Amino acid sequence: MTDTMTSPQTDTNARQTVRVELGTRSYDIAIGRGLLYQAGEKIANLLPQARVAIITDETVAGLHLQALQASLDAADVDHVSFTIPAGESSKRFELFDRLCDDVLGARLERGDAIVALGGGVVGDLSGFVAASVRRGMKFIQIPTTLLAQVDSSVGGKTGINSRHGKNLVGAFYQPALVLADTAVLDTLPLRDFRAGYAEVAKYGLLGDEPFFAWLEANWQAVFAGGPERDEAVARSCQAKADVVAADEFEGGRRALLNLGHTFGHALESAVAYATERLVHGEGVSIGMMLAHEFSQKLGLLSEDDVARVKRHLLEVGLPIRIQDIPGQMPPADTLLDIIAQDKKVSRGELTFILTRKIGESFVEKGVDRAQVQEFLKEKLDA
């Protein structure tokens with residue numbers, strides 16, 4: 001991704017800070033265990049006298065909302081809380097409309113803050129609310145899933161889903177602060193942690209082979225929650241921060257961060273975002289495997305590299321085939337129609353993130369539809 005990746009900064013409490021450099025809109029990503037209990041102090045220092053609207057989901061509320069509220073109370077930060085149902089189905093117009101009305105009804109002002117406490121769904125939806133209410137309020141991310149900590153909470157992509165596809169309505173809107181408390185990941189179900197790990201592996205696969213090799217050697221410690229977990233989160237965030245700083249609005253290089261997502265989003269849409277069948281990180285895992293296999297089919301990538309990717313994803317317990325998704329899947333032409341709605345499509349031409357070897361991904365525009373359809377048919381029939 002970058003020839004020279006910036007190193008995360010470590011403070012005296014063994015916490016790490018990644019800076020997203022965007023001029024006057026630059027912000028910090030604080031990473032470490034126990035940060036949730038310091039959220040009130042950090043928010044009060046960043047936004048003195050601001051009121052806060054916490055948006056969270058029903059699952060996270062039962063686990064972490066009380067701790068955040070107590071932290072805000074201790075720092076004398078006035079707050080209200082709004083809870084939504086857990087799951088991808090909450091990223092829809094009806095919930096967006098309700099939350100905008102809730103925030104306005106609570107009489108929060110432009111200088112006040114929306115705080116997203118939750119995973120990617122909560123962060124994406126809350127960020128779109130923050131970008132829209134009063135034409136832009138302050139926004140703070142407190143991601144509670146691995147996937148959100150290393151991906152969706154960083155970089156300012158917000159939005160909701162449409163019947164036409166995933167994340168097709170939204171805005172680029174940067175947070176003022178991200179607090180990634182790696183201790184809250186201890187409460188994640190194993191399936192969700194694995195799904196988030198797919199995004200961690202993505203950073204190595206697309207632009208940092210030494211990081212992928214480090215993950216091959218240390219993934220068990222990342223899962224166990226030691227300092228390796230903080231390191232994996234920090235290196236992932238730094239990789240994304242470097243790309244976002246260079247291409248905030250995805251005009252070019254930032255599209256690399258979508259390795260595996262073109263296929264993965266299509267698979268999520270094909271199952272109507274039914275999380276009992278497929279969650280986002282699982283879709284990304286299958287999508288990354290498909291992207292590497294498609295690159296091999298096009299003569300770009302060696303069989304050895306494909307086997308290495310497959311071996312690692314299987315070792316951590318992630319799905320790698322379309323057949324790993326429970327239930328019936330639509331035919332290749334239907335999946336291709338969904339892919340044609342992807343945000344990277346330009347003038348009707350398909351764009352994919354392909355790879356020449358592990359750590360050397362690139363954006364390929366004008367990919368032949370017939371080749372994609374043939375490849376998908378092969379994988380569906382395998």
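**View 1. K166 is buried, with a relative accessible area of 7%.** The model shown is predicted. The side chain of K166 forms a salt bridge with E268, at 2.9 Å from N to O. This pair links distant parts of the chain: K166 sits in strand β9 (residues 165-172), E268 in helix α9, and 102 residues separate them. E268 has 3% relative accessibility, so this residue also counts as buried.

**View 2. E250 and K157 form a salt bridge.** Their closest N and O atoms are 2.6 Å apart. This pair, too, connects distant parts of the chain, 93 residues apart. E250 belongs to the loop between α8 (227-246) and α9 (261-270), K157 to strand β8 (residues 157-162). K157 counts as partly exposed because its relative accessibility is 29%.

**View 3. R321 meets D324 in a salt bridge.** The N to O distance between the side chains is 3.5 Å. R321 is partly exposed at 40% relative accessibility. D324 is partly exposed at 35%. Elsewhere, salt bridges with shared partners join E88, K91, D124, K166 and E268 into one network. The structure holds 24 salt bridges.

**View 4. F128 lies in helix α4 (residues 120-132).** Its relative accessibility is 10%, so F128 counts as buried. Leaving aside residues up to four places away in sequence, F128 touches F96, T158, G159, I160, V169, G170 and A171. F128 and F96 are 32 residues apart in sequence, yet 7.9 Å apart from C-alpha to C-alpha.

**View 5. A patch of positive charge gathers R107, R110, R134 and R135 on the surface.** R110 is in the loop between α3 (93-105) and β6 (113-118). With 49% relative accessibility, R110 counts as partly exposed.

Note on methods
Residues numbered from 1 in each chain as written. Predicted model: local features only at pLDDT ≥ 70, side-chain atom pairs only at ≥ 80, totals over all residues. Heavy atoms only, no water. Patch = residues over 30% accessible without salt bridge, like charges linked within 9 Å, V, L, I, M, F, W, Y side chains within 5 Å. Areas by Shrake-Rupley, 256 points an atom, 1.4 Å probe, with all protein chains shown as cover. Salt bridge = Lys/Arg side-chain N within 4 Å of Asp/Glu carboxyl O. Lys, Arg positive; Asp, Glu negative; His and termini not counted. Charge placed at Lys NZ, Arg CZ, Asp CG, Glu CD. Helix = DSSP H or I, 4+ residues; strand = E, 2+ residues; numbered from the N terminus. Buried < 20%, exposed > 50% of the residue type's maximum accessible area, 1.4 Å probe, protein only. Contact = heavy atoms within 4.5 Å.
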